[in-house]
Amino acid sequence: MKKEQTVTVNRLSWDEYFMKLAWLVAERSTCLRHHIGAVIVRNKRILTTGYNGAAADMQDCMSLGCLRDALNILSGQRQEICRAIHAEQNAIIQGGYNGINIKDSTLYCTHTPCILCAKMIVNAGIKRVVMNIQYPDNAFKELFSQAGIDFSRLQINNFIITQLL
């Protein structure tokens, strides 16, 4: 008779799980500067996802080049001069487009939001934002504080996929 082995596995926390999914979503990005992904979740269920890229059926930076690079615009400045819709914006828009209520949800994003995305997050009723990398625009912090949005940074250093045998 064969003796059974006990295997100890450290499972990801829910925050780590959804953040890793945000990084996976970011791989669809068509931005030449930053690959950013967002996942909106409520009650441990994915509601929507979004990545930064051009509007539907429009040419993107991969085919036209980066307008911001051409104009020497620094990261974190003049976000309106860009072909891409931000990941957070796309995730929020997908909720509206598909009739999915995202109120009282958590948004996981690979980067901190710009002020434009922060305003959309507030008005969409998102209650918690978890991010990984600091984007060079801190204007969202005061807005989130005033709106009562719980904001935290989740440091993930490795993206190793583990397999249970």
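**Contacts, rings and a pocket**

Of the contacts in the protein between residues at least 6 apart in sequence, 56% join residues at least 24 apart, a contact being heavy atoms within 4.5 Å. Please note that this is a predicted model, in which local features need pLDDT of at least 70, side-chain atom pairs count only at pLDDT 80 or more, and totals for chains, interfaces and linings use all residues. Residues are numbered from 1 along each chain as its sequence is written, and side-chain values use heavy atoms, with hydrogens and water left out.

The secondary structure consists of six helices and seven strands, taken as DSSP runs numbered from the N terminus (helices H or I, at least four residues; strands E, at least two). Their order along the sequence is α-β-β-β-α-α-β-α-β-α-β-α-β. The protein has 165 residues, of which 39% are buried; buried means under 20% relative accessible area, exposed over 50%, and partly exposed in between, with a 1.4 Å probe and protein chains only.

Let me turn to the aromatic rings. The structure contains seven aromatic pairs. Rings of Phe, Tyr and Trp (its six-membered ring) pair if their centres lie within 6.5 Å; planes under 30 degrees apart are stacked, over 60 edge-to-face, and the rest tilted. Phe-18 and Tyr-108 form a tilted pair, because their ring centres are 5.3 Å apart and their planes stand at 35 degrees. This pair joins distant parts of the chain, with Phe-18 in helix α1 (residues 14-26) and Tyr-108 in strand β5 (residues 106-111), 90 residues apart. Phe-18 is buried at 2% relative accessibility, and Tyr-108 is buried at 3%.

What is the geometry of the pair formed by Phe-140 and Phe-151? That pair is edge-to-face, at 4.8 Å centre to centre and 65 degrees between the planes. Phe-140 belongs to helix α6 (residues 140-147) and Phe-151 to strand β7 (residues 150-153), so the pair ties together parts 11 residues apart in sequence. Phe-140 is buried, with a relative accessible area of 0%, whereas Phe-151 is partly exposed at 26%.

Ring pairs also link Trp-14, Tyr-17, Phe-18 and Tyr-108 into a cluster.

Finally, which element gives the largest share of the lining of the second largest pocket? It is α4, with four residues.
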